[in-house]
Amino acid sequence: MPSRHRVGIVRFPGTNCDLDTWEAVSLIPELEPVWISHKDRQGSDLSAIVLPGGFSYGDYLRTGIIAARSPVMDMVGSFAESGLPVLGICNGFQILVEAGILPGTLLPNSGRTFLCQEEALVMENCRTPFTTLFVPGTPLTLPIAHQEGRFFIDPDQLQEIEKKGQVLLRYLNNPNGSEREIAGLANGAGNVVGLMPHPERRVRSLFGRPDGLAFFRSLALHLDRQKLRTVETAP
Amino acid sequence: MTAVPTSRFRIPAPEMERIRTLLGRDPNLTEEAVFSALWSEHCSYKSSRIHLRKFSSKGPRVLMGPGENAGVVRVTSRTGIAFKMESHNHPSYIEPFQGAATGVGGILRDIFAMGARPVALTNSLVFGSLRQPRQMTLFRRVVAGIAAYGNAIGVPTVGGEVWFDERYSKNILVNAFALGVVDEDGIMSAVPPPKPLLAVYLGNKTGRDGVSGAAMASRSFTGGDTDLRPQVQVADPFVGKKVMEATLRIIREGLAGAIQDMGAAGLTSSSVEMASKASLGIEIDVERVPLRDPSMEPWEVLLSESQERMLLLVEESRVERILAIASDSQVSAAVVGRIITDPVFRVRKGEAVFAEIPVPFLTEEAPCYDRPARDRALPLSPTAHHAPSEAGRHSIAELFHRLLDHPNGGAADWISRQFDFEVGTRTLLPPGHDVAVVDLREEERAVAISMAGFSHPLTRDPGLGAMLLVAKCVTDLAAVGSWPVGMTDCLNFGNPERPETMSDFIQAVEGIAEASRRLGIPVVSGNVSFYNETDGLSIPPTPILATCGLLSSRRRVVPGKTTRPGLSLALVGSSTDLSLGGSYLDWILEDPEPGSVPLVDWETLGRLQPFMSAILADGRICASRAIGRGGLLRTLLQLVSGDATLGVALSLPRLEDPLETFFSEAPGRILLAFEPDQLRTLEETALEFRIPFQRVGSTAPRLWTIRYRDREGRVKELTDNLEQLKRRYAVSLAGQMEDLP
């Protein structure tokens, strides 16, 4: 039996979507979730890393900022730099921007309250490891649950990320005042992805459409292809 | 002795006398502080104890009943649900954000102290009229406080209710309910085993916040209560989460003998109550308590209600491992005392003894009052939220608009979207349905939670009104096909020293006790909040109930709203008494001579649940909703709220009393939506279960038409602009909250 791809799920004190993310990853037969502690400086044999949502360090000081400076983030940084897949969901996204791994910043929602609701979204960039199974322009519905999700970036950088096609997902009815309705974003290389909506909350069909599952399936497909390529190019 | 003993902790003079008699001497400062906390209404239930015995907590499923941190009821072959509700009314009025947040934190600690992982929160909120800016602020900040705690700790807030009523302006109600899941063999208790045990403190360091909070919550407010802010505790959900994970781990590893959270009266009540349950004594050394401020006096340490703290009684051999877990979880922990065979509560600071009180003096010997009760001669004060109206002169459409236009009749989305209701991904029915349903992830089962706290029927008749609340819960649960397995309550009342309040209280308790006994629902936990009174004015009697129901198949959960046109609609259940007394319409109209409160048809109600289970098991129903606040019309509007353009076309027979048909909230009736070809089977099943079944119409796109014949047989038609109705419903609460400068 071929070994499964190990997907590291990072837990900071205060992370609370860890178990949901673990379950979502477990649903994909090709993926094997493994816990990563905020204290870990290296992950062995990981194929991808996911930073789940929650309130790391109680959102103290500023959301994501303390977690962005914890030991594990050095590892996540070099992992990302080497081109391997990294996904940050909600607070994970906030941590990635605070760590400078993704551009921009996430400000308090324009309505100043926490928002937990379903959002209609449009998928734009399907070239990342987490979105290969989507077709550009695909409409999808995912829940959001955040108080600081208003994506902001200076105009020059905004132009740049738009030009490079780094915008992954946009809201149809901008709930939080994000620049250009941006709900999800990739880095320049396309291997690091941040999402404010929660794909891990829509992986079953008990209620609502399981639109989140394709993100994890995409990852499995991407990793399978990578492996195949490695095998092919091996002497 | 000639001088009347006065107390520095506001202990009433007769109780001070009693303390002197018991001790045979004057209590010192620390001892007096301890008495003030444990003899407070909040801790001792001195005015309610003799009445609460009327509740039955027995049942084949009950694993843990009253006396524990929370009740536990078996729901699968190997798991139980632990649940409880508590009030945080007084603190929330003084500091709404922290008051509400600590209310959530406190109820969660009660749940995980039992070894249960919390999986759902709900709340019941009652405020004064939103026309007052102060109420607007209180409401906004209470919602934000609940959100801040629940969202951060990662427990979904899956449902709740809200009510605005002038009579609560000086005493808002913030009641929080929590539910957790626990393996039957992993249930923790607050009753220690008879072994030599050490007392281990776990969690946040102790500060001066919340000192004497229990005593504060045990008296009425007066005009000059500006000095109470320091008695409100401060929440820290981040530490709360770390304490929760550490506690659950300690329980999972079997390291603790007994656990109690440090809630009201903090270290004092948790240590004394656990020792008392084992008929033992306990010694606490305040010098070893982790402190934020080392200058704190022993009595302050004892009475502090700093949040996120647990007290564990453990065998000495386990201490090392517990301290290691605490350190790994980054929370403070320390051995602060020990169980002693001599049944005394001894407080030391190093070698010096600061208090020594026999434990029974603090618990069994605490005052227990059978306070005088006297029925009200006059009805309760008018609601005064509107100028008196001329009932009867309004058309049905106008009345319906009035019900929708008041924030009490509007959609509560503005509240629920501030709560993360999905974290944990167990939420099968989120807010916006009648009940919340949470996946148990075991044996395909799920649990439904129904909240009922509408006080208006009780202002009309406390006893019958309380029974209505129980019947409402059971109807709500039946609507999703669940059967009730347990109930918890929070009894919010005014000043028990007033005979009228006491009379309301006794009648309400008896009503709940009788109704729950009739339906076989054990009352497994509960809480009493007295002294909801300011400047002599008490709130109306407001018991708030939360009833848990069990669903045998999580895949058959039926929603409370639909998006589909062309479905048939039917009303099932008993319509023998549709009196309007105590209804939302009655409240809006402030009828000076109200109708009676409807009597519950218990017989039919008892058959409703099996009937609903039968038809839901066959998957015949697309949506179902109990007739609730506002009666049939408002419930219809909620049923079609799944889609912006979906309405209804109803055709009803001759109506004796159209007002009753459209606005009665008599429990025991459920509105069903189903494919038209199911009609015959459903009618047959209803006949078999002897459940009245009445087809009323269909869901229809862009329509709101209701045809009926009046008493004289004339055809009447109620047609309304659907878009406007939906808008009224959507904005009546949210519109007020979003119009900020």
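Mentor: Start with a length check on a helix. This is a predicted model. Helix α20 of chain B covers residues 602–617. At 1.5 Å a residue, its 16 residues should span 22 Å, and the end C-alpha atoms are 23 Å apart, so the two values agree.

Trainee: Where in α20(B) does the kink lie?

Mentor: Look at Leu608(B), where the kink is about 25 degrees.

Trainee: Which residues of α20(B) are buried?

Mentor: Count neighbours to decide: a residue is buried if 20 or more other C-beta atoms lie within 10 Å of its own. In α20(B) the buried residues are Thr604(B), Leu605(B), Leu608(B), Gln609(B), Phe611(B), Met612(B), Ile615(B) and Leu616(B).

Trainee: What covers the buried residues of α20(B)?

Mentor: The cover includes two helices of chain B, α17 (462–479) and α23 (679–688). It also includes the strands β17 (483–492), β22 (568–573) and β25 (669–674) of chain B. After α20(B) comes Gly619(B), with a positive phi near 65 degrees.

Trainee: Now a single residue. Why does Gly105(B) count as buried?

Mentor: Gly105(B) has 30 C-beta neighbours inside 10 Å, so it counts as buried. Its place is in helix α6 of chain B, residues 96–112. Leave aside neighbours within four places in sequence, and its contacts are Tyr149(B), Ala235(B), Pro237(B), Gly240(B), Gln307(B) and Glu308(B). Gly263(B) is 158 residues away along the chain, yet the two C-alpha atoms are separated by 9.6 Å.

Trainee: Next, sheets. What is the strand order of the open sheet of 9 strands in chain A?

Mentor: The order is β2-β1-β3-β4-β11-β10-β9-β6-β7, and the pairing is mixed. The edge strands of chain A are β2 (31–37) and β7 (139–146), each pairing on one side only. On average, neighbouring strands are turned by 25 degrees against each other, direction ignored.

Trainee: How do β9 and β10 of chain A pair?

Mentor: β9 (residues 167–171) and β10 (residues 182–186) of chain A are antiparallel, with 3 bridges. In one of these strands, β10(A), Ile182(A) is the bridge partner of Arg170(A). Then find helix α3 of chain A, residues 91–98, which lies across β3 (48–51), β4 (86–89) and β11 (192–195) of chain A. The helix runs at about 115 degrees to β4(A).

Trainee: And the open sheet of 7 strands in chain B: what is its order?

Mentor: It is β8-β10-β7-β11-β9-β12-β13, again with mixed pairing. β8 (258–261) and β13 (352–358) of chain B each have a single partner strand, so one side of each lacks a neighbour in the sheet. Inside the sheet, 4 bridges join the parallel strands β9 (residues 281–285) and β12 (residues 344–349) of chain B. There, Ile284(B) stands opposite Val347(B). Helix α2 of chain B, residues 29–38, packs on this sheet, touching β12 and β13 of chain B.

Trainee: Last, how many residues does each chain give to the contact?

Mentor: Chain A gives 21 residues and chain B gives 21 residues. On the side of chain A, β6 (115–123) and β7 of chain A each give two or more residues. β6(A) gives the most, with 3 residues. By class, that side has 12 nonpolar, 6 polar and 3 charged residues.

Key. Residues are numbered from 1 along each chain as its sequence is written. Chains are lettered from A and ligands numbered from 1 in the order in which they are written. This is a predicted model: local features need pLDDT of at least 70, side-chain atom pairs count only at pLDDT 80 or more; totals for chains, interfaces and linings use all residues. A residue is buried if 20 or more other C-beta atoms lie within 10 Å of its own, exposed if 12 or fewer, and partly exposed in between; C-beta atoms are placed from the backbone. Two residues are in contact if their C-beta atoms, placed from the backbone, lie within 7 Å. The expected span of a helix is 1.5 Å times one less than its number of residues. The bend at a residue is the angle between axes fitted to the seven residues ending there and the seven starting there. Two strands pair if DSSP finds at least two bridges between them. Axes are lines fitted to C-alpha atoms, for helices over the stretch in contact, and angles run from 0 to 180 degrees between N-to-C directions. Ala, Val, Leu, Ile, Met, Phe, Trp, Tyr, Cys and Pro count as nonpolar, Asp, Glu, Lys and Arg as charged, and the others, Gly among them, as polar.
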